[in-house]
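Welcome! Have the sequence and the 3D view open side by side, and let us walk through this protein together, topic by topic.

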Amino acid sequence: MVGIIMGSSSDLGVMQEAIQVCKDFGVAYEVDIVSAHRTPVKMMTYAQQAKSRGIQVIIAGAGGAAHLPGMIASATILPVIGVPVKSSNSIDGWDSVLSILQMPNGVPVATVALNAAKNAGLLAVQMLAISDASLAEKYTAYKAELEDKVAEMSQETKDKFSK
């Protein structure tokens, strides 16, 4: 199961893509609002109890100061994928990116691009596919679809512009 958390409901528009990836691959997930700054006790409880509740990977999205992914990572042994969110109080998203990316040694957080919750979902699926053959097959098929789409675009471009 994947835990998908975010600091505010305003992040849901971005985080919806991680939810969709889980749905598309048939991966169980839960979604919650867990604010590092406004609900610190809930945040620590979530991190400490996630593994015992069956969560295997946590995706944490946050904007602005974006402390949620790092604080979650500090309190669990589960892998945490951070999604920097460009929020209304953000400095073009750079504050969020750097807050999640620049974790101190010993507290790693895998960090995807700004607003890239889809990639966070895909990374979670890849992590789970290591020990799930059925999921690995689905992910392999997904990669083949990506390859086919590029081949199709390549041919269309050649047909249109080559002489």
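A residue counts as buried under 20% relative accessible area, as exposed over 50%, and as partly exposed in between. Val31 has a relative accessible area of 39%, so Val31 is partly exposed. Keep in mind that this is a predicted model. UniProt, in an unreviewed entry, lists residues 1-150 as "domain: PurE".

**A nonpolar patch on the surface**

- Val31 sits in strand S2, which covers residues 29-33.
- Together with Leu12 and Tyr29, Val31 forms a nonpolar patch on the surface, and the three share about 220 Å² of accessible area.

**The nonpolar cores**

- In soluble globular proteins, nonpolar side chains tend to be buried together.
- Here, the largest nonpolar core has 28 residues, and Val2, Ile4, Phe25, Val27, Ile59 and Val83 have the most contacts inside it.
- Several elements give two or more residues to this core, including strand S1 (2-6), helix H1 (12-25) and helix H6 (133-161).
- A second, separate core has 21 residues, among them Ile55, Ala66, Val80 and Val109.
- Take Val27 as an example: leaving aside residues up to four places away in sequence, Val27 touches Val2, Cys22, Val125, Leu128 and Leu135.

- Gly70 belongs to helix H3 (residues 68-74), and its relative accessibility of 8% is under 20%, so Gly70 counts as buried.
- Not counting residues up to four places away in sequence, Gly70 touches Met103, Val107 and Val109.
- Gly70 and Ala60 are 10 residues apart along the chain, and their C-alpha atoms are separated by 8.9 Å.
- Helix H4 (94-101) has Asp95, Ser96, Val97 and Ile100 as its buried residues.
- Those buried residues of H4 pack against S3, H3, S4 and strand S5 (110-111).

**Two residues with a positive phi**

- Most residues other than glycine have a negative phi.
- Ala66 has a positive phi, near 50 degrees, and is found in the loop between S3 and H3.
- Is Ala66 buried or exposed? With 4% relative accessibility, Ala66 counts as buried.
- Asp92 also has a positive phi, near 55 degrees, and its place is in the loop between S4 and helix H4.
- Asp92 is exposed, with a relative accessible area of 54%.

**Salt bridges**

- How many salt bridges does a search of the whole structure find? The search finds three.
- Side chains of opposite charge can pair when their charged atoms come close.
- Glu30 and Arg53 meet in a salt bridge, with 2.3 Å from N to O.
- This pair links distant parts of the chain, 23 residues apart: Glu30 is in strand S2, and Arg53 is in the loop between helix H2 (40-49) and S3.
- Glu30, at 22% relative accessibility, counts as partly exposed, and Arg53, at 35%, counts as partly exposed too.
- Lys42 and Asp32 meet in a salt bridge of 3.2 Å, N to O.
- Lys42 lies in helix H2 and Asp32 in strand S2, so this pair ties together parts that are 10 residues apart in sequence.
- Asp92 and Lys86 meet in a salt bridge of 3.9 Å, N to O.
- Lys86 is partly exposed, with a relative accessible area of 45%, whereas Asp92 is exposed.

How values were computed. Residues are numbered from 1 along each chain as its sequence is written. This is a predicted model: local features need pLDDT of at least 70, side-chain atom pairs count only at pLDDT 80 or more; totals for chains, interfaces and linings use all residues. Side-chain values use heavy atoms; hydrogens and water are left out. Patches are made of residues with over 30% relative accessible area and no salt bridge: like charges are joined within 9 Å, nonpolar side chains (Val, Leu, Ile, Met, Phe, Trp, Tyr) within 5 Å. Accessible areas come from the Shrake-Rupley method with a 1.4 Å probe; for residues, only the protein chains shown count as cover. A salt bridge is a side-chain nitrogen of Lys or Arg within 4 Å of a carboxyl oxygen of Asp or Glu. Helices (H or I, at least four residues) and strands (E, at least two) are DSSP runs, numbered from the N terminus. Buried means under 20% relative accessible area, exposed over 50%, partly exposed in between (1.4 Å probe, protein chains only). A nonpolar core is a set of buried Ala, Val, Leu, Ile, Met, Phe, Trp, Tyr and Cys residues joined through side-chain atoms within 4.5 Å. Contact means heavy atoms within 4.5 Å. UniProt positions are given in the numbering used here, feature names are shortened, and annotations may be inferred rather than shown by experiment.
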